[in-house]
Amino acid sequence: MALLQRPKGTQDQLPEGSPKLEPMTSERWHRFVTSTAQNVIERSGAQFISTPMFEYVEVVRRGVGGSTDIVRKEMFTVSYFEERDKYVLRPEGTAPIARAFLENGLKQLPSPLRLWTHGPMFRAENVQKGRLRQFHQVDYEVIGSPDPLVDAEAIALMVEVFAQLGVRGTRVQLGSVGDPEDRARYNGYLQTLFTAHEARLSADSIDRLQRNPMRILDSKDKGDRALLNELRPLPMLDFLGPQAAAHFQAVQGYLTSWGVPFEVDPTIVRGLDYYNRTAWEIHHTGIGAQSALGGGGRYDGLIGQLGGQETPAVGWAFGVERALIALGHEGAQLPAAKGPLLYVVALDEELLGAAAGLALQARRFGRAEFGVRARKPGAALGEAVKKGAHFAALLGSEEAHNGTVSLKNLVTGEQQSVAQSDLGRLLEGVMQ
Ligand code: AMP
């Protein structure tokens, strides 16, 4: 019978030692990224929020925007019995967080409210390197302040996450998509421009030409991209009104004063409809120009769009798999996995249960494993060394009779007889 496979564009996160292990598929690497991000992000006062993995389609349609690729082509809708396509597997974190902010009255918490989350996201993409159908994001949002100070802080925080991850070679590309009226003028300009080249546009982009010409700029179609390359730079920045321009200057001023490097990119538009003013992407040489490690922006209109009172906000997200590609590209290594602090082996079949019982008790103090077969002393120690254990405890009939174990410190080589009741205290004293 043919072996069943996982769906295209998904990955298993594998344990240490798996034959097909690479950073992107390593559970330890994933955990390293999210725990490092957590350390950095929570120091900013952000609190973790977790939203369901599926939402009503309407949250995504209204939140992300009807003219985006996500809504038009990449939604994994969920159907069951009579409820067809009512739900969608969440494609991103911001719209669900904004929905949760409104639904749970989080407005009453001190403002601005800093939230963060991480978890799987789903988009029915054309699968390529770094473009998956189930991928993982770390997501940070600051809700309640229009001040450029929080935009700059959000960018600095994102840069710091990558610095702490050890990803070198990142570049922040910073732009502004202005206020809605600025974008309307820019869209008008693009519409005139692209209409002159309509014959060269893909069917999707001809559609975008009517709905939202800005979305042509993030088309993944080859022909569209060739045309865009001829027409660029198409700078959005030229269309900023005085208020959006002042806001953009202020963001840059803060970043410069804090020594956070960035490049102004007049062409950044970002692929989601909800952004206004500040928009940025973080790129890395190992990933390629068309794909970003992460991106973010201000989205003052989103919460209003979802039916709430207009509430200014700014946020960012990065892809864990993309971060892992960057780390892999730089040859980063994780410290070796930790073996057990204690490895207990029975020297006699009859003592298997008793040896396991000692390990179970020791787990209150640290990592403790046991051998599932009785061994001779030499083989028992060999097994403990293979496991990378700090201590090996051997339980023979004499030790069982005396209520002791024969304990070998595999780091120093020291060996002693220790009362079973003292094992916990001994383990507690060891750095783990
Ligand atoms: P976006 O929500 O589209 O701005 O995406 C933010 C980040 O999520 C991107 O910069 C990527 O790092 C990551 N990302 C988005 N889509 C995918 C995907 N299909 N596969 C892997 N990572 C993705």
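The entries below start with the ground rules and then go to the ligand.

**Ground rules.** I am working on a predicted model, where local features need pLDDT of at least 70, side-chain atom pairs count only at pLDDT 80 or more, and totals for chains, interfaces and linings use all residues. Residues are numbered from 1 along each chain as its sequence is written, and side-chain values use heavy atoms, with hydrogens and water left out.

**Ligand atoms.** Which residue puts a polar side-chain atom 3.0 Å from a ligand oxygen? I found Gln137 there. A backbone N or O atom of Ala292 sits 3.1 Å from an oxygen atom of the ligand. For Gly130, a backbone N or O atom is 3.4 Å from a ligand nitrogen. My cut-off for such a pair of N or O atoms was within 3.5 Å. The ligand alone exposes 490 Å², and the protein buries 91% of that (Shrake-Rupley method, 1.4 Å probe). I took strands as DSSP runs of E, at least two residues, and helices as runs of H or I, at least four, numbered from the N terminus.

**Second largest pocket.** I read its volume as about 380 Å³. A pocket is an open set of points on a 1 Å grid over the protein atoms alone, with protein on both sides within 12 Å along at least five of seven lines; lining residues have an atom within 4 Å of a point. The volume is the space filled by probe spheres set on the points, which are joined across faces, edges and corners. Of 21 lining residues, Glu125, Asn126, Gln128, Arg131 and Lys220 are closest to the centre. Helix 3 (69-73), helix 7 (203-211) and helix 11 (320-329) each give two or more residues to this lining. I note 3 nonpolar, 7 polar and 11 charged residues.

Note on methods: Polar contact = N/O pair within 3.5 Å; in protein donor to acceptor, adjacent residues only side chain to side chain. 1 Å grid on protein atoms, 1.4 Å probe; cavity = no way out; pocket = protein on both sides within 12 Å on 5 of 7 lines; lining within 4 Å. Nonpolar A, V, L, I, M, F, W, Y, C, P; charged D, E, K, R; others polar.
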